[in-house]
Amino acid sequence: MADLGNFMDEIAGLIEKSLDFDREMDDILTDTAEDIIDDIRETAPTGNSREHLKDSFTYLKEGSGTNKSVTIHSPTKGRLIHLVEFGFVHRNGRFVSARPFMRPSYEKEAPKMEERIKEAIEDAAKGT
């Protein structure tokens with residue numbers, strides 16, 4: 001009977017470690033999304049409007065377990081972002097050059113996120 005109790009304690013410990021790891025992954029994704037949005041707010045071009053593009057970004061968490069993702073988007077200015085990011089040709093033929101701000105923000109923060117995930121996996125494998 002003592003072996004069954006130890007076995008159940010070990011399972012409970014593994015479940016708790018799994019839940020801790022899941023919470024840590026959630027924190028990493030959230031922190032990264034917030035860092036990217038902060039960077040976007042610093043680098044996004046501003047126009048003459050009161051409602052600047054940079055202030056319209058938010059993130060949306062989707063999925064659960066190992067299938068989590070975070071989408072960064074602008075619910076109010078979404079139809080304009082690609083025009084600013086990639087540039088476009090205006091109806092009158094004038095070229096409006098690209099002013100990338102999303103991709104550079106992502107490229108700045110993604111390696112930090114990858115490193116944090118690697119550390120979390122290594123810590124989980126060590127059992128700490």
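**View 1. The second largest pocket of the predicted model.** The second largest pocket holds about 210 Å³ of space. Here a pocket is an open set of points on a 1 Å grid over the protein atoms alone, where a 1.4 Å probe fits, with protein on both sides within 12 Å along at least five of seven lines. Its lining comprises S18, F21, D22, M25, I28, L29, G65, T66, K68 and I117, lining residues having an atom within 4 Å of a point. Helix α1 (residues 2–43) gives the largest share, six residues; helices are DSSP runs of H or I with at least four residues, and strands are E runs of at least two. This is a predicted model in which local features need pLDDT of at least 70 and side-chain atom pairs count only at pLDDT 80 or more, whereas totals for chains, interfaces and linings use all residues. Residues are numbered from 1 along each chain as its sequence is written, and side-chain values use heavy atoms, with hydrogens and water left out.

**View 2. The salt bridge between K61 and D26.** The closest N and O atoms of K61 and D26 are 3.2 Å apart; a salt bridge requires a side-chain nitrogen of Lys or Arg within 4 Å of a carboxyl oxygen of Asp or Glu. Because K61 lies in strand β1 (residues 58–62) and D26 in helix α1, the pair ties together parts 35 residues apart in sequence.

**View 3. The salt bridge between D31 and R116.** The closest N and O atoms of D31 and R116 are 3.3 Å apart. D31 in helix α1 and R116 in helix α3 (residues 102–126) are 85 residues apart.

Conventions:
Grid points are joined across faces, edges and corners, and a volume is the space filled by probe spheres set on the points.
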